[in-house]
Amino acid sequence: MDPAFAERVLARALAQGGDFADLYFEYRRSASLSMEDGRIRVAGGGVDLGVGVRVVAGEAVGYAYAESLEEDEIAEAADTAARIARGGGGGPAVTVKRRRAPVRYGAEISAVDADGAARVALLRQADRAARRASRRIVRVDASLVAVHKEILVASSDGAFVADRQPMVRIGVSAVARRGRRTEAGSSGGGGRRGLEYFDEVPASFHGEEAARVALVNLDARPAPAGQMPVVLAAGDAGILLHEAVGHGLEADFNRKRTSNYTDRIGKKVASPRVTVIDDPTVPGARGSINVDDEGEVPRVHRLIVGGKLRNYMHDRISARYFGRKRAGSGRRESFRHPPMPRMTNTYMEAGEDGTEEDIIRTVSRGIFARRFSGGQVNISNGDFVFSLVEGYLIENGRITAPLKGVNLIGNGPAAMEMVSMVGSDFRFSDGMWTCGKDGQSVPVGVGMPTIKVDALTVGGTEV
Amino acid sequence: MPVPRRTERRMQALADLAQHAVERLRALGADHCEVGVASGRELEVSVRNEAPELVKEALSSGMSVRVICGERVATSSTTDLDPDAIEGFFCRVLEMARLSEPDPLALPPDPKELARRIRSLDLFDPRTDRIDAATALRRAQRAERAARRHDRRITASEGASFGRSSAISALATSGGFLGTAAGTYQSLAVQAIADDEGGKKRSGVYWTGARFVEELEPPAAVGREAARRALRFLGARKIETARLPVVFDREAARSLVGLVASCVLGDAVYRGRSFLAGKLGEQVAPSFVTIVDDPHLPRAPGSRAYDGEGRATRKNVVIRNGVLETFLLDTYSARKLDQPPTASAAGGGSIPHATTSNFFLRNGRKKPASLLRGIDRGLYVVRMMGFGFDPVTGNFSRGAEGFLIEGGACTVPVGEITISRNLGEILADIEAVANDLDHRTAIASPSVRVAEMTVAGT
């Protein structure tokens, strides 16, 4: 892509006035395999390419896209986006300068280009490992999805920066049956990596893990209902932060004054043990980015430090509104969508309260929450839920029985205030999370040490 | 209303493109194939504090292909419809098929089973594409203004948005089917915010949507309802953990019906991911419960004349008078389960799987308000959160917001609670169905009352 070409289109985008314009070029290739019950049922994949054109006039955004890299079609999109600023004067000439982004991930060979037989072999390993676990495993399904995105952002303030974004993700699900009882378990992982991910985490691990959870659930009993202490295992439980804290700190909600964290910068919003970070620089992690989707090189954001709210996450529009430096949290699903403030890899820093066992030992009756399938938040009142798919009852400081899957519900600031222990056993969750906001999905990462929350509402059935 | 001549010509062009693709794929070596081509136009605007915040306009088009070579399946899609690019795309799809493994069940339907005549369902409003950005912004502004002026306690606004879309599509298959379809949809949504104690905010969302412009509710009415919905939650609190009767308003009930839908789709059933698997012919709900998948409702959002494999669609009664009568099946899942297909295949050219059209719980006779009658202490649920549902077991546990029912009437607002029970038990324990069904969404339900659920709070 030629800078002069970008300059011409940007000048056209600002021809009606407007404060700022950017172009987001995207070339996305994907390759997927799905295995059902031991057989590769479908091979799939495709190519998607296009350019999004955005014109910003004050707080208003004009947006259009072309599903093509032809100059005339992109220019037409620029004319459409420019209408937002109609009535303004003619735009100035635009110059962009090529910039390099740091490299925080890379793949020897992108998984999209990996040999088909090698990809099939991975699914077979996962399938076999799950079936080997027990004769009670009656069905296994698995999928492997590889995506390779090349993006280039050019903006009227001079940016011209490209990135290659590889991604691989495996998912395995297993069904276990004993008598009339049927239960399921699943496991998944990956990141901004190539197939070398599987040198560290073999595909068979996800097969074994899916089978293990399904088998544990065969013995699960109904969970209790009501408020009680909850110990969250290291790793996946970072989903709690993502929902309870993360979304409420995306600056667009605070600019619009719709978040319950509005006007709370500098105030205490969590227990002093809590430090929460959004870090786009974690090597190879699913949420990492070398450059954000507005062309900014992102920094590490310390959101909550020692329980005090320090920062929101900004895109260009909110950074200008709050008079902050841009920090690179502008992300989008594809060239068909305008960017907005989003999380990358959100985690809680390790504390000093020891191991999982040390923390479980302090609970006389409560829940140990190990694996989750997802969550949701209402950013206005701060209520959040997350779904537990592997959990255990704690009685007198010991794990006693597996529990059926339940929802946990809490209120963001209240729950964070009740974090009474933070373990020293920090772990990143393996890369499998996708975050949805306003109809746009982006890959994210989460991480967490083992923590204890003194009271969350457990949505079981036993009163 | 007939589709305008100009639109018909564009549909014919898509049909030619799809037909040509089938011929090329066959020539390049595909034993069977399905090709879907679609083209859409959309406008999306939003305003906040009455100032425009976003105007987004786009045209899009794309092709999806499913090929079968020697019982091996591959699927792919592209937005690059340039003739040279397409030829390369076809070759890559055929190449991909070598990775999958032969499966005799994957063959397409017998050509004799494909639709010959395409039913007209009145899904296209020629006025939709003519709504320009200025008109759309005005509608959104009127709606938001009505929300902000409704009450002084409305302190902020997430804004109002108006969107319109139109899509035309064609499907051609190597079995000889060729069909075209056209549809429009528009919607207007408002989210109002009220300040509550302790820094909490209460949001209220309301929206209207329809295939025809004239069927939208007036903007001011949408705004006022959003404001009312924010205000009614002021002072919401938790309640004590208890087993209570629960009334779901129609929007909350819709998500229960959606969960039932996910468990009657053929793929879920043959993969062992449905608590309803193996229950055909059994009484799964009281006799006044009937759940239907009807693709032929005129002007409804989920209507369609043919399915993703080219079969003529038909109305399927999934649960009749409480008895589970059929699952929703595409060709593959029908063969897996050894049952007749129900013309429920998704997409055209995507990985074949079953899907719903207009899937709804049929109206009962009771007025919604009468569902509360006789409840001494209970919960009225208007909003649910989270994904706490396990299709394999039917275990259901989700966050809920609503009102405490005392002495047969709603009293205080409640939140930060969960409701849970097994969906199979919930279905069996439905006590009453109201008569307030609306088809604004493809999955729909009237209000329902369930005899008992566990409500977890303090």
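Author: Two strands pair if DSSP finds at least two bridges between them. Strands (E, at least two residues) and helices (H or I, at least four) are DSSP runs, numbered from the N terminus. This is a predicted model, in which local features need pLDDT of at least 70 and side-chain atom pairs count only at pLDDT 80 or more, while totals for chains, interfaces and linings use all residues. Residues are numbered from 1 along each chain as its sequence is written, and chains are lettered from A and ligands numbered from 1 in the order in which they are written.

Reader: What makes strand β3 of chain A and strand β2 of chain B a pair?

Author: Four bridges join β3 (residues 60-66) of chain A to β2 (residues 51-69) of chain B. At least two are required, so the strands pair. They run parallel, and Gly62(A) stands opposite Val55(B) in β2(B).

Reader: How many residues of chain A are in contact with chain B?

Author: The contact joins 66 residues of chain A and 60 residues of chain B; two residues count if their C-beta atoms, placed from the backbone, lie within 7 Å. On the chain A side, strand β2 (residues 39-57) gives the most, with twelve residues.

Reader: How do you know which parts of chain A are domains?

Author: The bounds come from an automatic or database domain assignment, which gives domain 1 (3-218) and domain 2 (225-459). Their C-alpha centres lie 22 Å apart. The contact between these domains of chain A takes 34 residues from domain 1 and 25 residues from domain 2.
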